Amino acid sequence: MIQPQDYCVREGDRVKLNKWATEVAPAYSSKEQYNELLAEHVEQLSSLQELVYASNRHAILLIFQAMDAAGKDGVIKHVMSGVNPQGCQVFSYKHPSPAELQHDFLWRTTRDLPERGRIGIFNRSYYEEVLIVRVHPNILRGEGLPGHSSRQPAVWKHRYRSILDFERHLHANGTRILKFFLHLSKGEQRKRFLQRIDDPQKNWKFSMADIEERKYWKQYVKAYEDCLSATSTAHSPWYVVPADDKRNARLIVSRIIVDTLKGLNMSYPVATAQRRRELLAIRKRLG
C-alpha cells in the first residue's frame, strides 16, 4: 500500500539523494492490476476535482521537476486523464523569452497560477531558477540583475527565500501546492535515451542537448539536494518519487494527490432556503 509520507521531505531535513531510492517495490503485481489501481485513482481524482470546483475555496498547484527522461509528461498524461479539461491547465516552461527576462524570476509563472476551483500543473516551474540557472550561471548573468554574481551563495539563499515567501502567500490565500521530484537513476536515464534513439516514434523526443546536460549530472544532483532541503515545508512539501518504474511513479503521484485533496475536507455548497424556493418554482414551471 502506498504511504505518501514515505516520499515526503520533512521541513528542515537535509536531503541526500543517494539515500532516496529511485526504485521501490511496486504497488502492483501485474499490468492488469496497475491499470485497475490507476483507474481507481483517476476516478477519485475526477470526483475530487469536481468538488474543488464546486466548493470554490481552494486552487491546486502541482509542480513537477526532474532530470531529462524521468517521465513528467507521462505522469501528467496518465494521472490527469480523467479530470475535466475545463478545470485543469498545464503549463510547460522552457528557457525564458527576452520579455520574461526583463521581469523578476517569479513573474512568468505567476501569470499562470490557477484560480480558485481549478487545478494548475507546472511542467518545470520557477524552481528552474535555482536548478538549471545554478548549473549554468551564464543564464543568471543574462538576467541582468544588479550586483549579483552566480558565484555568491547568497544569490541562491535569496531566491529560496523569495520562493518560500511566495508559496506561503499562496497557501494563506487558498492555493494548495504539491511539488514532485521524479527521482531517476543515471543508468535508467541512459536506457530511456537509447530507447528514444532506437524507436522511430520516439526520435523526436531526443536531441544532442540532452546528452550535453547529462554531463552535468553531479551538479544537478547538488542543486536539487539544496533546493529540496531549503524549500520543502509543511504547507508546501516536496515529494521525492522513485521514477525508474514509470507505472509505480504514476500510482505514487496519483495517491498523494488524491489523499491531499481528501484532506481538504471540502463539501458541496448547501442551498439556502431562498435557493430551495427558486428551485421548487423552476420545477413547477417544468411541469
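**Reading strand S4 and its partners**

Visitor: In S4, which residue is the bridge partner of Cys-88?

Guide: The partner of Cys-88 is Ile-119 in S4. This is a predicted model, in which local features need pLDDT of at least 70, side-chain atom pairs count only at pLDDT 80 or more, and totals for chains, interfaces and linings use all residues. Residues are numbered from 1 along each chain as its sequence is written, and side-chain values use heavy atoms, with hydrogens and water left out.

Visitor: How many bridges join strand S3 to S4?

Guide: Strands are DSSP runs (E, at least two residues), numbered from the N terminus, and two of them pair if DSSP finds at least two bridges between them. S3 (residues 88–92) runs parallel to S4, joined by 5 bridges. S2 (residues 59–66) also pairs with S4 in the parallel sense, over 5 bridges. There, Leu-62 has Ile-121 as its partner, and Ile-63 has Phe-122.

Visitor: Which way do the residues of S4 point?

Guide: In a regular strand, side chains alternate between the two faces of the sheet. In S4, Ile-119, Ile-121 and Asn-123 point one way, Gly-120 and Phe-122 the other, and all are buried. Buried means under 20% relative accessible area (1.4 Å probe, protein chains only). With 5 of the 5 residues of S4 (residues 119–123) buried, the strand is therefore largely enclosed by the rest of the structure.

Visitor: How many residues of S2 are buried?

Guide: In S2, 8 of 8 residues are buried. Ala-59, Leu-61, Ile-63 and Gln-65 point one way, and Ile-60, Leu-62, Phe-64 and Ala-66 the other. S2 also pairs with S5 (residues 175–183) in the parallel sense, over 8 bridges; Ala-66 stands opposite Leu-182 in S5.

Definitions and conventions:
Buried means under 20% relative accessible area, exposed over 50%, partly exposed in between (1.4 Å probe, protein chains only). Helices (H or I, at least four residues) and strands (E, at least two) are DSSP runs, numbered from the N terminus.
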